[in-house]
Amino acid sequence: MIRVEDLTIRYRTPGGEIEALTSVSFSIARGSTLALVGESGSGKSTVALAAMGILPGEARIASGKILFDGEDLMALSAEARREIRGSRMGLVFQDPFSVLNPSLKIGEQVGEGLVHKRGYTPKQALVRAIELLDEVGIRQPEVVAEAYPHQLSGGMRQRALIAGALASEPELLILDEPTTALDVTIEAQILELLETLRARRNLTMLFISHNLGVVRRIADEAAVLYAGEIVERGPTVALLSNPTHPYSKGLLAAIPRIGERKTRLASIPGRLPDLRTPPQGCRFASRCPFAQPQCAASQTLMESGARAVRCGRADALVGVPWPHLDDGAGVSEPVRRTTAEPVVMVENLTKTFTIGHAPWAFEGWRPTRKPICISPVNGISLEIAAGEALGLVGESGSGKTTLGRTILRLIELESGTIRIAGEDVSHLPQSALEPMRRAAQIVFQNPDSSLNPRKTIGDLLARPLVRFGLAPAAEVPARVKALLDLVRLPAHYQDRYAHQMSGGEKQRVGIALALATEPRFIVCDEPVSALDVSVQAAIINLLADLKDRLGVAYLFISHDISVVAHLCDRIAVMRHGEMVEIGPVDEIIERPKHAYTRKLVAAVPRVDGVSGGHPA
Amino acid sequence: MTAFILRRLGFVVLVLVAVSMLVFTITALLPANVAYLILGSFAPPDQVKALELKLGLTDPIWQQYARWAAGFLSGDLGESPLMKRPIAPMLWEAVSRSLMLTGFSFVLIALIGVGLGMLAALRHGRALDHGISIATYIGIAVPEFFWSIVVIIVFASWLGWLPASGYEPMSAGFWVWLTHLIAPTITLVFGHLAHVSRLTRSSMIEVMQSPYVNAARAKGLPERVVVFHHALRNALLPTITVLALDFGRLMGGIVVVETVFAYPGLGRLVVFSIQNRDLPTLQAAILVVAAMYALANLVADLLYAWLNPKIRFGGHVS
């Protein structure tokens, strides 16, 4: 159906030309699904844009061919390519929140392709759009067609996008991280929908994802992309259960798996090579634990049967697992204080937001407007002991983040009590919260927006030390070094600015910042959600080490149950502001009592779980 | 939505009340005495006293204000002590002439400004973009009286296409009427293009790089549909707010332009009444300017809400 041959794409940037893709080749047979797997910067989205012919202006196709149904797309005129896209090829983007035009109705956006491509009248297109919305499982499609994007939930928007891509009955559907922005339960529904559609319409799919669990479920074949090169390719199940390329091995070893005992995760040290001057030899060599001098020579993609791998030592590495790298600190003795009273005690905590007012109405003689309220935190009680991690899971909008921030009094509570380190802080004025601010800290999801871009890391880390008078001025530099050391960053990083560091490094600084006051309790609000798998593993290991070494208590908020199950001792499940279940990890994962918990756990796509795709 | 409009209207009324008080107090504090104005500077003091008493100028200021405001609300703007005739018809005539001028200019600023902004955005970083930027910057950087003179020199003196100044009513013939409007309009438009075109340009550039425009391209829609249907609608939202502000600036801009072109509109009336201490006319004129400003912003707010479904429809569907 589609065949990509030797595709090389370069981007012009102010710092020089970057080679985003280096002679990438693959093909997908009609009716089957290929997954393109890789971390950020691997070039996987560039493949999608190139296939559609909508690369941004700074991109240049240096060489290669894209054959669609035997026709060379590069040889076609811009007009002819435009004809093909949206009629024979459809693209579903990653983020349903920004991909829909905010000022056009859903029905129009789903059906407009038909108007311009198939000569429908707007009215006919709307009728067809409603049918398509119905086909992708949207209830009340007539109402949704008349709605604007902001009135829909993320899952509904993603369905609408898929409906729009399907409208012109494309033969090839390219999906760029279609479920990444969604909750697991919604993700499971979307994947199911894609499987049904594929069977019903004999769709060919190019599925781009970093989530190996999702890939296992949906794809017949998978190709692993690293730094613009395909490093391994093969049938999904075979590749995932028996990876050959060291990078694939590392990627798989870095994923926390539900039900696996708590050891430290394997992580991949280092970072992507500079693609302005890609290394001559194996691009992964600098991060590869199996690297040998011969890896400096250029590597070719060697085919053997259905599989192909770009590693000269592949034969020698068959069956060799990814080593557990010691990333700096040995697992030290836990210093748990089991006897002490809980560090955090929350009782009956409630927070209500007024989101609007009902229309004026008479209540007796008085005209009044009833406020419309939602309670993202509704009567929550929990305790966390020193050195314990309580995981908080639930879908987006269930109140996880609000709970975390209310406990820290970053959001004012409505009622209930909060005791941190034995002190009742629920009703103290903000000015009297100083000791509590020292004892309880927070790590945010996105280190890009939580680190001041105009200060060096050293300044940032010194700030809480000075603010709380934790160290005399002379000792501050030493303390900053110690903090950097604690999160395993080299001391010279104190002179860097946030933009000079990678995502994982920034998150380490975020953690160091929270640790600066020697807190007893840290709220971790989705601290690894913005990170790549290999980096995520290192951060999770770090958090686990710090917990054991310093006896810090965590409230670990995450939508990723596998991560929570790996790191935490107990799990609390939230839904619509209420806690539906709380208990030890094993109990929640293996014997969930509440129906919602069961649904949530079952929805998690697993790398070692069932494969929904056709058997290879 | 009704509640939204009513609330906005309420704000407009509040603004006008506040402005009227401010205008009245300031002009009442000016070193100008209406009685002297009527009787001449060398009138005997006892006559002045008597007239002051008759006009109520010795009453406390709030009483004077109440009387003035009540008259204003009933449509009686009083009489100009200088020109010895009622203010209302004189003012409306001036306002209608100025509205022709600002209306024309405003429409042209909106059309040309948005057009140039779009062109610059679509040719982002190329010669045309830089050319448009430089031209509009020159327009805004040099004051209006300079452009007025340039326009007079070029179109009236050199080319002889347009009259240098003055105003002729429509009854004197459509072309005669129009030619008197063109020169001041060109001046006003050139001085105000930069705001609109720069803002349209930057929001258009941003919108053209947004995921939903990319998605529209991925649907294979013709570029014309992508630009006008998908991008422009969203890119215009900030422009609308600035257009309303520009309408207010135009009302200020006409003071200079009308003076240079000897165009008998509101601006000239204001200048004239200030120069001659004609306080009742000045008060009425300023209030009218404030009212137009407030109404322009009201229209912008409503238009913004109408174009932006997030304001128009708040809630969620099912």
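Predicted model: local features only at pLDDT ≥ 70, side-chain atom pairs only at ≥ 80, totals over all residues.

Residues are numbered from 1 along each chain as its sequence is written, while chains are lettered from A and ligands numbered from 1 in the order in which they are written.

**Exercise 1.** Describe chain B and its domains.

Step 1: start with the overall picture. Chain B has 13 helices and 2 strands (DSSP runs, H or I of at least four residues for helices and E of at least two for strands, numbered from the N terminus). Its C-alpha atoms fill a box of roughly 85 × 65 × 35 Å along the principal axes. Of its 318 residues, 35% count as buried, meaning 20 or more other C-beta atoms lie within 10 Å of a residue's own, with C-beta atoms placed from the backbone.

Step 2: The domain assignment, automatic or from a database, gives domain 1 (1-75 + 279-318) and domain 2 (100-276). Their centres, taken over C-alpha atoms, are 29 Å apart.

Step 3: look at where these domains touch. Each of the two, domain 1 of chain B and domain 2 of chain B, puts 15 residues into the contact (C-beta atoms, placed from the backbone, within 7 Å). On the domain 1 side there are 12 nonpolar, 3 polar and no charged residues. Here Ala, Val, Leu, Ile, Met, Phe, Trp, Tyr, Cys and Pro count as nonpolar, Asp, Glu, Lys and Arg as charged, and the others, Gly among them, as polar.

**Exercise 2.** Work out what chain A brings to its contact with chain B.

Step 1: count residues. Chain A gives 30 and chain B gives 24.

Step 2: find the elements. On the chain A side, H2 (78-84), H3 (96-99), H4 (106-117) and H6 (141-145) each give two or more residues. The largest share, 4 residues, comes from H4(A).

Step 3: sort by class. The chain A side divides into 12 nonpolar, 11 polar and 7 charged residues.

**Exercise 3.** How do H5(A) and H7(A) pack?

Step 1: get the geometry. Helix H5 (residues 122-135) and helix H7 (residues 154-166) of chain A pack at about 125°, with axes 9 Å apart; axes are lines fitted to C-alpha atoms over the stretch in contact, and angles run from 0 to 180 degrees between N-to-C directions.

Step 2: name the residues. Leu132(A), Leu133(A) and Glu135(A) in H5(A) meet Ala160(A), Ala163(A) and Leu166(A) in H7(A). By class, that contact has 5 nonpolar, no polar and 1 charged residues.

Key: Buried ≥ 20, exposed ≤ 12 C-beta atoms within 10 Å, placed from the backbone.
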